[in-house]
Amino acid sequence: MTTLAPSLRATLTQLPDYVPGRRASEPHIARLASNESHYGPLPSVREVVLAASEQLNRYPDNSAGDLRRRIATQFGVNADEIAVGTGSIGVLQQILAAMCDAGDEVVFAWRSFEAYPTLTALAGASAIRVPLGADEGHVLPAMAAAVTDRTRVVLICSPNNPTGTRVPTEDLERFLDAVPARVLVVVDEAYTEFADFGTDSISLFRSHPNVALLRTFSKAYGLAGLRVGYAIAHSELAAGLRRAALPFGVSALAQRAAIASLDAEEEIEARVAAVVAERRRIIDRLRGAGWSITESQANFVWLRLDDSHRERIVAAFDAQDVIVRGYAGDGVRITLADPATNDRVLAVLATPTAFGL
């Protein structure tokens with residue numbers, strides 16, 4: 001007698017597991033594989049979270065009304081143009097669930113955020129990957145050429161994870177002129193607070209009905225453990241994203257902490273300035289030592305490497321109790337931390353010739 005058992009969707013069995021940055025509990029180990037903030041919560045944010053914890057027996061506001069209104073005030077948009085979710089990755093899943101049917105296509109650069117192909121497949125769509133250029137940035141003309149009648153969404157990660165490159169406003173303008181208005185263009189700005197020069201994405205959103213912006217409180221605001229992000233989208237799409245969200249997915253603690261973080265603007269700006277200053281120091285030192293390195297606009301630096309050199313460099317960091325993120329076939333991403341920890345990175349990368357480069 002044959003015994004039948006439930007089976008997973010074929011799509012799911014073919015998906016690779018999402019690979020997070022490696023973790024380590026020992027305090028002497030530098031955790032630079034995940035793009036977390038090196039700083040703990042601001043005191044004012046911690047107080048709000050502690051106060052909100054008194055109501056853990058209550059469901060959060062499913063509409064996240066207070067948070068949506070606060071975000072809207074921050075950017076001069078309407079609250080009905082805001083949708084929140086469990087980090088920007090959660091909101092992106094809402095976007096793809098709201099936009100894609102089986103057989104649709106999602107276009108994005110590669111390499112970019114590694115959740116893109118997974119979330120695309122879970123939505124039943126096909127991932128169309130367009131290689132990055134020699135400068136590690138998006139090749140927007142090639143991405144526009146990749147759009148077909150089946151394309152529903154284009155994802156543009158700016159600054160790009162893991163290469164750190166930024167897409168200028170004028171390039172996005174030309175891209176939007178070349179893409180059919182029926183295609184949703186999502187500008188994923190998880191790292192935008194760290195950029196030296198800005199993409200005027202709010203202006204692009206206001207002037208193009210097919211533009212949505214994706215942001216998070218996990219990076220510059222240091223709330224990665226609370227899982228809260230948001231989209232700025234035109235009202236009909238934003239309403240659809242709210243319908244596609246997991247009910248009560250964003251906790252009351254996360255909502256209150258996000259509001260408090262927006263209210264602590266000067267403190268957040270000081271923290272971002274410290275990261276940007278360290279980024280400048282590290283990039284200049286590495287270039288001075290002979291490394292070829294992109295002008296990162298995020299809270300990390302990127303080394304393009306083949307697999308043999310990538311493995312040697314990751315092993316060298318491991319030997320010094322520094323955990324970095326290696327990407328098979330592409331290179332190594334190193335998250336920025338405090339000056340002392342960043343000096344440990346510089347010590348490992350003292351010279352490219354030590355690794356046969």
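Two strands pair if DSSP finds at least two bridges between them. Helices (H or I, at least four residues) and strands (E, at least two) are DSSP runs, numbered from the N terminus. The structure is a predicted model, in which local features need pLDDT of at least 70 and side-chain atom pairs count only at pLDDT 80 or more, while totals for chains, interfaces and linings use all residues. Residues are numbered from 1 along each chain as its sequence is written, and side-chain values use heavy atoms, with hydrogens and water left out.

**Figure 1. The hairpin of strands S11 and S12.** Strands S11 and S12 run antiparallel and are joined by 3 bridges. Together they form a hairpin with 3 residues between them. In the turn, Gly-329 has a positive phi of about 85°. Across the pair, Arg-325 stands opposite Arg-333 in S12.

**Figure 2. The open sheet that contains S9, S12 and S11.** The 3 strands of this open sheet follow the order S9-S12-S11 and pair in the antiparallel sense. Strand S9 (300–304) and strand S11 (325–327) stand at the edges with a single partner strand each, so one side of each is left without a neighbour in the sheet. On average, neighbouring strands of this sheet are turned by 20° against each other, direction ignored; here axes are lines fitted to C-alpha atoms, for helices over the stretch in contact, and angles run from 0 to 180 degrees between N-to-C directions. S9 pairs with strand S12 (residues 331–335) over 5 bridges, in the antiparallel sense. Leu-303 stands opposite Val-332 in S12, and Arg-304 has Gly-331 as its bridge partner in S12. A residue is buried at under 20% relative accessible area, exposed at over 50%, and partly exposed in between (1.4 Å probe, protein chains only). By this criterion, 5 of the 5 residues of S12 are buried. Gly-331, Arg-333 and Thr-335 lie on one side of S12, and Val-332 and Ile-334 on the other.

**Figure 3. Helix H13 and its surroundings.** Within helix H13 (residues 339–348), the residues Thr-341, Asn-342, Val-345, Leu-346 and Val-348 are buried. Seen down the axis of H13, the buried residues fall within an arc of 160°, so they line one face of the helix; the arc is that of the directions from the helix axis to the C-beta atoms. These buried residues pack against strand S1 (30–31), helix H11 (265–288), helix H12 (307–319) and S12, where contact means heavy atoms within 4.5 Å. Asp-338 caps the N-terminal end of H13, with a side-chain oxygen 3.1 Å from the backbone nitrogen of Ala-340. A polar contact is a pair of N or O atoms within 3.5 Å; within protein, one must be able to donate a hydrogen and the other to accept it, and residues adjacent in sequence count only if both atoms are side-chain atoms.

**Figure 4. Strand S3 and its parallel partners.** In strand S3 (residues 105–110), 6 of the 6 residues are buried. One side carries Glu-105, Val-107 and Ala-109, the other Val-106, Phe-108 and Trp-110. S3 pairs with strand S4 (residues 126–131) in the parallel sense over 6 bridges, and Pro-131 in S4 is the bridge partner of Trp-110. Strand S5 (residues 151–157) also runs parallel to S3, joined to it by 4 bridges. In S5, Thr-151 is the bridge partner of Glu-105.

Figure 5. Ser-158 and Pro-159 are joined by a cis peptide bond with omega about 0°. The bond from Asn-161 to Pro-162 is also cis, with omega near 25°. Pro-159 lies in the loop between S5 and helix H7 (169–178), and Pro-162 is found in the loop between S5 and H7.

**Figure 6. The surroundings of Glu-189.** Glu-189 is located in the loop between strand S6 (184–188) and helix H8 (201–207). With a relative accessible area of 1%, Glu-189 is buried. Neighbours within four places in sequence aside, its contacts include Ser-158, Arg-166 and Arg-215.

Figure 7. Although Glu-136 is not a glycine, its phi is positive, at about 70°. Glu-136 is placed in the loop between S4 and helix H6 (140–145) and counts as buried at 7% relative accessibility. Asp-321, found in the loop between H12 and strand S10 (322–323), has a positive phi near 60°. With a relative accessible area of 30%, Asp-321 is partly exposed.
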